[in-house]
Amino acid sequence: MNRTGDRREELAANLAALRRRIADACRAAGRDPEEVTLVAVTKMCPASDVRLLAELGVTDIGENRDQEAAPKARECSDLDVAWHFVGQLQTNKCRSVASYADVIHSVDRVRQVEALSQQARRLRRTPRLLVQVDLTASADHRGGGTLGGGVPPGQVTQLAREIAKIRGVELAGVMAMAPVAEDPNPAFARLADIAKRVHATDPYATVISGGMSGDLEVAIAHGATHVRIGTALLGARRPDVG
Ligand SMILES: *Cc1c(COP(=O)(O)O)cnc(C)c1O
């Protein structure tokens, strides 16, 4: 079998196992698997992988760097997939990201939203935005702007209200990563609570983006609507990058 065939088999097997994990987690939580969107995070992987995943039925593709995502999205523009930007978003990248991303998971500043809105309106697109929450313990004692990105829990509803007022973009919900090397349960429980408060201010903000390869079951137990999966689907990335 050729290399593409091998990769296709590998991705198909990984995808089947992943779908089973998601279905099992949903069953355990008394939820319908239809409620959970799998976002395949293809960072460090070639556009050919995106193509194979699309052929295998994956509808949502995630990327974390504009430099890599922009050309990949262009190369795959014939595919019927939604593009999710999940990485830290520098203000000077907003114009580019707004030109291809359908969902942006990492919003943590009004200035980004204004830049996204400007470009989105020019292109007549309406990206959906998630407020990234910083769930690290120190976030509560700091004004935000941490290494991993995200706003402290106490500032989320304020930012959500401001986003809701900006034209050309749609507030869709919240996103977070569980702090590394900690039990993800309290983090995702807290995210669910924050999501509830945001939803109370905006009934269209229904997305909870939480859960990666290592903790998707916990995230689903706490109501995640989107899981962002890299390694469990595409295999290990080189550890020094991304
Ligand atoms: C890379 C990445 C993921 C996927 O992580 P895995 O552990 O490989 O599943 C999810 N979310 C974000 C923000 C990422 O950068």
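Where is Ala 181 found? Ala 181 sits in the loop between β6 (170-176) and α7 (184-201). The model described here is a predicted one.

## Overall build

The protein chain contains 9 helices and 8 strands. Its radius of gyration is 17 Å, close to the 18 Å that the globule rule gives for 242 residues, so the chain is as compact as a globular protein of that length. The C-alpha trace spans about 55 × 45 × 35 Å along its principal axes.

Of the 242 residues in the protein chain, 50% are buried. The chain exposes about 11,700 Å², and carbon and sulfur atoms supply 49% of that area. Among contacts with a separation of 6 or more, 58% are between residues 24 or more positions apart.

Ala 181 is not a glycine, yet its phi is positive, near 60 degrees. With a relative accessible area of 86%, Ala 181 is exposed.

Arg 124 also has a positive phi without being a glycine; the value is about 55 degrees. This residue is found in the loop between α5 (110-122) and β5 (128-133). Arg 124 is exposed, and its relative accessible area is 78%.

Which side chain of opposite charge is nearest to Asp 60? That side chain is Arg 128, and it is 7.7 Å away. Asp 60 is buried but has no salt bridge.

Asp 60 lies in strand β2, which covers residues 60-63. The side chain of Asp 60 does make a polar contact of 2.6 Å with the side chain of Thr 59. With neighbours within four places in sequence left aside, the contacts of Asp 60 are Thr 37, Leu 38, Val 39, Ala 40, Ala 82 and His 84.

## Salt bridges

Side chains of opposite charge can pair when their charged atoms come close. The count for this model comes to 12 salt bridges. One of them joins Arg 7 and Asp 49, whose closest N and O atoms are 2.7 Å apart. Arg 7 lies in helix α1 (residues 3-29) and Asp 49 in helix α2, so this pair ties together parts that are 42 residues apart in sequence. Arg 7 is buried at a relative accessible area of 17%, and Asp 49 is buried at 3%. Arg 7 and Asp 49 also belong to a network of salt bridges that includes Glu 10.

A salt bridge between Arg 27 and Asp 24 has its closest N and O atoms 3.0 Å apart. These two residues are 3 residues apart in helix α1, which means that about one helical turn separates them. Arg 27 is exposed, with a relative accessible area of 59%, whereas Asp 24 is partly exposed at 43%. Another salt bridge links the side chains of Arg 51 and Asp 78, at 2.9 Å from N to O. Arg 51 lies in helix α2 and Asp 78 in the loop between α3 (66-75) and β3 (82-85), so the pair ties together parts that are 27 residues apart in sequence. Arg 51 is partly exposed, at 28% relative accessible area, and Asp 78 is exposed, at 55%.

## Two threonines

Is Thr 42 buried or exposed? Thr 42 counts as buried, because its relative accessibility is 0%. Thr 42 is found in the loop between β1 (37-41) and α2 (47-55). Apart from neighbours within four places in sequence, Thr 42 is in contact with Val 50, Leu 53, Ile 61, Gly 62, Glu 63, Glu 68, Lys 72 and Leu 234.

Thr 231 lies in helix α9, which covers residues 231-234. At 34% relative accessibility, Thr 231 counts as partly exposed. With neighbours within four places in sequence set aside, Thr 231 is in contact with Ser 213, Ala 236 and Arg 237. Thr 231 and Leu 38 are 193 residues apart along the chain, and their C-alpha atoms are separated by 13 Å.

Notes. Residues are numbered from 1 along each chain as its sequence is written. This is a predicted model: local features need pLDDT of at least 70, side-chain atom pairs count only at pLDDT 80 or more; totals for chains, interfaces and linings use all residues. Side-chain values use heavy atoms; hydrogens and water are left out. Helices (H or I, at least four residues) and strands (E, at least two) are DSSP runs, numbered from the N terminus. Buried means under 20% relative accessible area, exposed over 50%, partly exposed in between (1.4 Å probe, protein chains only). Lys and Arg count as positive and Asp and Glu as negative; His and the chain ends are not counted. A salt bridge is a side-chain nitrogen of Lys or Arg within 4 Å of a carboxyl oxygen of Asp or Glu. A polar contact is a pair of N or O atoms within 3.5 Å; within protein, one must be able to donate a hydrogen and the other to accept it, and residues adjacent in sequence count only if both atoms are side-chain atoms. Contact means heavy atoms within 4.5 Å. The radius of gyration is taken over C-alpha atoms; the globule rule is 2.2 Å times the number of residues to the power 0.38. Accessible areas come from the Shrake-Rupley method with a 1.4 Å probe; for residues, only the protein chains shown count as cover.
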